Amino acid sequence: MKTKVLMFGWEFPPYNSGGLGTACFGLTKALSSKNIDIVFVLPKPVNIKSDKIKIKFAEDQAGMTINPQDYLLAPYKSPDQYQNDKLPGRESVYGNSLFDEIGRYGKNARFIAKEYEFDIIHAHDWMSFPAGIEAKKVSGKPLIVHVHSTEIDRTGGNNINSEIFRIEKTGMETADAVIAVSNLTKKIIVDNYHINPGKIHVVHNGIDVYDYPSIDADSAAVIKLKEMGNKIVLFVGRITVQKGPDYFLKAAKKVLQYNRDVFFVIAGSGDMEHQIITEAAELGISDRVLFAGFLRGEELNKVYRMADLFVMPSVSEPFGITALESVVNGTPVLVSKQSGVKEVLTHVLTADFWDTDEMANKILAVLNYKSLELTLKENSIEQVKNLSWQETARKCIDIYRQILDSYFLRV
Amino acid sequence: MPKVCCYFQVHQPLRIKKYRIFNIGVDGDYFDDSSESDLNNRRVFEKVAGKCYFPANAIILELLKQYPQFKASFSLSGVFLGQAEKFSPQLIESFKALVDTGRVELLSETSHHSLSFIYSPAEFRRQIQLHRRKIKELFGVEPKVFRNTELIFNNNLANEVEGLGFGGILAEGADHILGWRSPNFVYKTKGAKNIKTLLKNYRLSDDIAFRFSSKDWSEYPLTAPKFANWISAINGNGQIVNLFLDYETFGEHQWEDTGIFEFLKSLPGEILKNPGNSFITPSEAVSELEPVGEIDVPQFTSWADTERDLSAWVSNPIQKDALSKLYALENLLTELDNPELLEDWRKLTTSDHFYYMCTKWFSDGDVHKYFNPYETPYEAFISFMNVLTDLELRAKNQKKARQAHVEKIRQELKYA
């Protein structure tokens, strides 16, 4: 008999702002290929079609369609930013705050839980935890919460939003099992949320290498840039404290003291954007720092392929799918030691996020020694081939079985 | 009646400290890490001396006293001897006491435990000469049998070493060179005239070196009587059993609590219980035993990893790049002939630097990881290349200074 999963998410590609949507997509696709029936619930209607996965919108009133540009898909925004970014005229429809939305999502979840038949509930990140809890309450089915990121990661441990923290903690306490995307995240959950380590399972994210275009098919533009003799060092991520863009700039400054022919490209947007632009100017490196804005799809792949090195200087990175994306695009990576991805991707360079000397040392090594770039590239691409979503899905299914087995014993 | 030939390799590399791009041009000390990490050469040396060299030497000395027929041989790398002189002079004395018994032979090798034979025959010869001088100075003996770094070997090497006057050479008894033949005989090597090749019995050697404490091994626990029986069983189909081991097997790779020292203490006695068995040194083997056949080794072999080839040191692009850039500096440095610069360059030729850059270990065996003081092979490469850049800078500056000096003298002569 097919296992039926009621899954609660918050975003889904192409309407995603970061790794959460990418991860939900990769995982659900792999799960459904392994004979798992999924109803994937999103809070509000967006224009997504999927053959295999049934997508359900919690607010599915007739006649209401959302323009993606208006849709505030922002799981990582703070409630204040959410308020600021809200477009005028929408308040009446959507309630006044992020918490209202999350509360409404939870209420709607009750109806959905009654409407469908399922064996297990799987909720991704805190915005969907209340929905998962409600579904558990009305159905009596076991709940798994999947932690892709915590409030501790997002804030760097400063100015934690106590309401978000509480929602996360309640979700993890109520859940029958917690999935953490890395050992690093598991440790944060144990140390900060005091969740019993016995019920936390580490399941790393994956990537489907064959979904990406072959690297040989490089565009003429890329070749031209390289011919001009410039090196490109890339940052991809939200421009926010968690991702360490300020450390990226400090390292850039040091690199440029040794080599002026380097461009530092920042792809992403976020609350620190103005601060970072100002900082680049203050460091006197504005002419070497380029802001590419938020990119996705083929545009993002192009930027990866153009780069000589991808740097992920995150202060606290539960996983870091972008590192895998960079590798499949043939670009070696330097990640902070405070990132989960290095648990499965070992053919990388690492540095502490605060150690910008070391970061600069390693960036320069890659730029100076071609053989280093080549060896990293060859070995990391081999390694990434084994990090498929199929593997992630297989581990999730094991957890479903385990939870369902013990659940039936209890009943 | 097999004769047991024991050879122990004694080597400690000089590990390069964490050397960043910022050190280039300002820091000429490449090996002086003083942290608590395994890059601190003094710390590692003192640790291994305490765990292995001193206690093992004491046992060997005792065995030599107890059994007049017991013999052994050692190869002490020049980088080991240099560190011993600096960090633990008593250790030199301890080895001298063994050599002074007359039943411990010292072998020849390259002074800096290098891969120089592959990259520069001229440097290879110079390093053998340097090592020979050092051994003579410290122990008053002259080695007669050669062993190359990590038992790296091929036909050309045997021929080259014969030309240098050695009567014997050691090699790995790898399956792909021997085929159906046994390592327990002396062989001639194709292309060489009379030099005799002693081949490691890798099964018996690795039973001690790698499997001694492995609980998954069907023969666990390995006892001295059991091992002596395996030796005796060779009776009739072998002249010699070559047990070639890293000396660090005793107390460092196999810790004291595995019982390795007890094993070492009782093994010679157990072997000699069978009156047909005896011990032999490599140079005795060379003069007493006649080759039974010829081996043909066109490709390099070694004693490392399952491949027994060069891939532990020369397989990925960073290793190849580092080696080619290193040897590209040879002419500049030999031409300058500045002892300090030349010695720094030679310290970079030590094979371990390239072993640390090996990326095979992510999939293949944890042996590399165990022996790697760097977090990743990439860290090893970065520090190495930064150091090499600094060394090149120093050499070029020196060359410029000399040219300026010569020019100045020329000018002075002109106006004199």
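**Exercise 1.** How many residue pairs are in polar contact between domain 1 of chain B and domain 2 of chain B?

*Solution.* The model is predicted, and chain B has a mean pLDDT of 95, with 97% of its residues at 70 or more. The domain assignment places domain 1 at 3-295 and domain 2 at 317-415 of chain B. Between these two domains, 18 residue pairs are in polar contact, both residues being at pLDDT 80 or more. The elements of chain B that give two or more residues to the side of domain 1 touching domain 2 are α4 (116-119) and α5 (121-139). The largest share of that side, 5 residues, comes from α5(B). By class, the side of domain 1 of chain B that touches domain 2 has 16 nonpolar, 12 polar and 10 charged residues.

**Exercise 2.** Determine how many salt bridges cross the interface of domain 1 of chain B and domain 2 of chain B, and examine the pair B:Arg126 and B:Glu330.

*Solution.* The rule finds 3 salt bridges across this interface. For B:Arg126 and B:Glu330, the N to O distance is 2.7 Å. The cut-off is 4 Å, so the two side chains meet in a salt bridge.

**Exercise 3.** Describe the extent of the interface between domain 1 of chain B and domain 2 of chain B.

*Solution.* In terms of contacts, 38 residues of domain 1 of chain B meet 32 residues of domain 2 of chain B. The area buried between the two domains is about 2,700 Å², and carbon and sulfur atoms give 60% of this area. Of the area that domain 1 of chain B buries against domain 2, B:Ile16, B:Tyr30 and B:His112 supply 23%, more than any other three residues.

How values were computed
Residues numbered from 1 in each chain as written. Chains lettered and ligands numbered in written order. Heavy atoms only, no water. pLDDT = per-residue confidence, 0-100. Domains from an automatic or database assignment. Contact = heavy atoms within 4.5 Å. Buried area = accessible area lost by both parts, 1.4 Å probe. Polar contact = N/O pair within 3.5 Å; in protein donor to acceptor, adjacent residues only side chain to side chain. Helix = DSSP H or I, 4+ residues; strand = E, 2+ residues; numbered from the N terminus. Nonpolar A, V, L, I, M, F, W, Y, C, P; charged D, E, K, R; others polar.
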